[in-house]
Every structure is written in structure tokens, then in C-alpha cells.
Amino acid sequence: MKKYRKGVGIFLLNKEKKLWVGQRIDKKNEFWQMPQGGIDYDETPVQAMRRELMEESGIKKNFEIIKETGCWLKYDLPKELVGVVWNGKYVGQKQKWFACRFFGDDREIRLDSYTPEFGRWKWINPSDSINLVVPFKKKLYKKILEEFSFLYN
């Protein structure tokens with residue numbers, strides 16, 4: 001049976017209904033993604049979401065959770081990455097996604113608060129995320145955009 005790593009993702013919109021995306025430091029490509037990460041063994045999905053948002057963007061306050069996906073959303077790693085990522089333990093990730101609104105100031109965003117994962121960040125039109133994300137996550141991003149479309153359309 002396929003084994004998926006449990007994780008969370010954050011669909012973070014600002015006051016102008018723009019979506020936060022970051023460009024990973026550890027990859028030599030032009031792909032951008034929303035904040036996301038694994039759920040630690042002793043965390044709830046909400047706790048993991050708050051931790052990941054803080055670690056990846058530096059945002060600790062001035063945001064609210066608007067909606068959580070009703071079900072777990074999955075993505076599969078490409079075959080060439082299955083034995084490499086997460087020490088080969090998982091074929092992909094199943095995630096709870098959280099739509100959040102950021103009502104703070106951009107100066108609160110700090111990519112160097114913890115061990116940096118992103119080198120750059122920007123606000124974009126949510127629909128543009130499909131063309132910026134790594135190809136194997138495109139289907140996942142389409143589902144997320146559909147689920148949270150009421151927030152930006």
C-alpha cells in the first residue's frame with residue numbers, strides 16, 4: 001500500500017486578495033509554492049499550520065484561519081524522487097489545507113526567522129499559482145484553488 005506523509009498547507013491571502021508564494025532555496029529552478037510542511041507526531045493539523053507559517057514566512061500573528069479543507073488532499077512524487085525525498089519512506093503527501101487571511105504589514109514577513117526554506121517571496125493572483133508551482137503539484141493546486149475560490153473571485 002502507498003504511504004503518504006501527513007502535512008499541511010497554507011493558502012494565505014492579503015487584504016488585496018493576493019496569494020503568498022515563496023521560492024525554495026534548496027532547488028535550482030524557477031518554481032514557487034505556498035507554505036507547507038509535515039505534521040510532527042504530537043501536533044494537530046492546526047498547530048502544524050501555525051508552526052509552518054511561522055517557520056517559512058515569519059508570520060506569527062495578524063492572520064486568521066478562514067477555512068480548512070474538508071478532506072485530505074494528496075499529491076504523488078515523481079518516480080525519480082520517491083527514493084530520495086523523506087528517506088524513501090513516502091510516495092507523496094496528504095495534506096490539510098488552510099485558507100488564511102493576513103491583515104498585517106509586509107514588514108512582518110521574515111524568511112530568516114528559522115532555518116530558511118525560501119529565498120524570495122511575493123504576492124500573486126491566486127490563479128497564477130498553477131503556472132508557477134512544480135509540475136507534479138499542479139493537480140493539487142487546482143483542487144486548492146477550487147476549494148477556496150470563494151475568497152478571491
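Is Asp 112 buried or partly exposed? I looked it up: Asp 112 counts as partly exposed, at 47% relative accessibility. My cut-offs are under 20% relative accessible area for buried, over 50% for exposed, and partly exposed in between (1.4 Å probe, protein chains only).

**Ground rules**

I'm working on a predicted model, so to speak of local features I need pLDDT of at least 70, and side-chain atom pairs count only at pLDDT 80 or more, while totals for chains, interfaces and linings use all residues. I number residues from 1 along each chain as its sequence is written, and side-chain values use heavy atoms, with hydrogens and water left out.

**Salt bridges**

I noted that side chains of opposite charge can pair when their charged atoms come close. For a salt bridge I want a side-chain nitrogen of Lys or Arg within 4 Å of a carboxyl oxygen of Asp or Glu. The structure holds 11 of them.

Asp 112 has Arg 110 as a partner, at 2.8 Å from N to O. Arg 110 is partly exposed too, with a relative accessible area of 44%.

Next I checked Asp 105, which bridges to Arg 107 with the closest N and O atoms 3.0 Å apart. Asp 105 is partly exposed at 33%, whereas Arg 107 is exposed at 72%.

Then I turned to helix H1. Helices (H or I, at least four residues) and strands (E, at least two) are DSSP runs, numbered from the N terminus. H1 covers residues 45-57 and holds both Arg 51 and Glu 55, which sit 4 residues apart, about one turn of the helix. Their salt bridge has its closest N and O atoms 3.3 Å apart. Arg 51 is buried, with a relative accessible area of 16%, but Glu 55 is partly exposed at 22%. I also found both in a network of salt bridges with Asp 40, Glu 43 and Glu 52.

**Strand S1**

How many of the residues in S1 are buried? I got 8 of the 10 in this strand, residues 4-13, so I call S1 mostly covered by the cut-offs above.

I say two strands pair if DSSP finds at least two bridges between them. S1 runs parallel to strand S6 (residues 92-102), with 10 bridges joining them. S1 also pairs with strand S3 (residues 36-38), this time antiparallel and over 3 bridges. I picked out Val 8, which stands opposite Lys 96 in S6 and opposite Gly 37 in S3.

**Cores**

A nonpolar core here is a set of buried Ala, Val, Leu, Ile, Met, Phe, Trp, Tyr and Cys residues joined through side-chain atoms within 4.5 Å. The largest has 22 residues, and Phe 11, Met 34, Trp 97, Tyr 141 and Ile 144 touch the most other members. The elements giving two or more residues to this core are S1, S2 (19-24), S5 (73-76), S6 and helix H4 (138-147). H4 supplies the largest share, 4 residues.

Contact means heavy atoms within 4.5 Å. Leaving aside neighbours within four places in sequence, I found Ile 144 in contact with Phe 11, Met 34, Leu 73 and Trp 97. A second, separate core has 17 residues, among them Val 8, Ala 48, Phe 98 and Phe 102.

**Gln 33**

My last stop was Gln 33, in the loop between S2 and S3. Gln 33 is buried at 8%. Leaving aside neighbours within four places in sequence, its contacts include Val 21, Phe 118 and Tyr 141.
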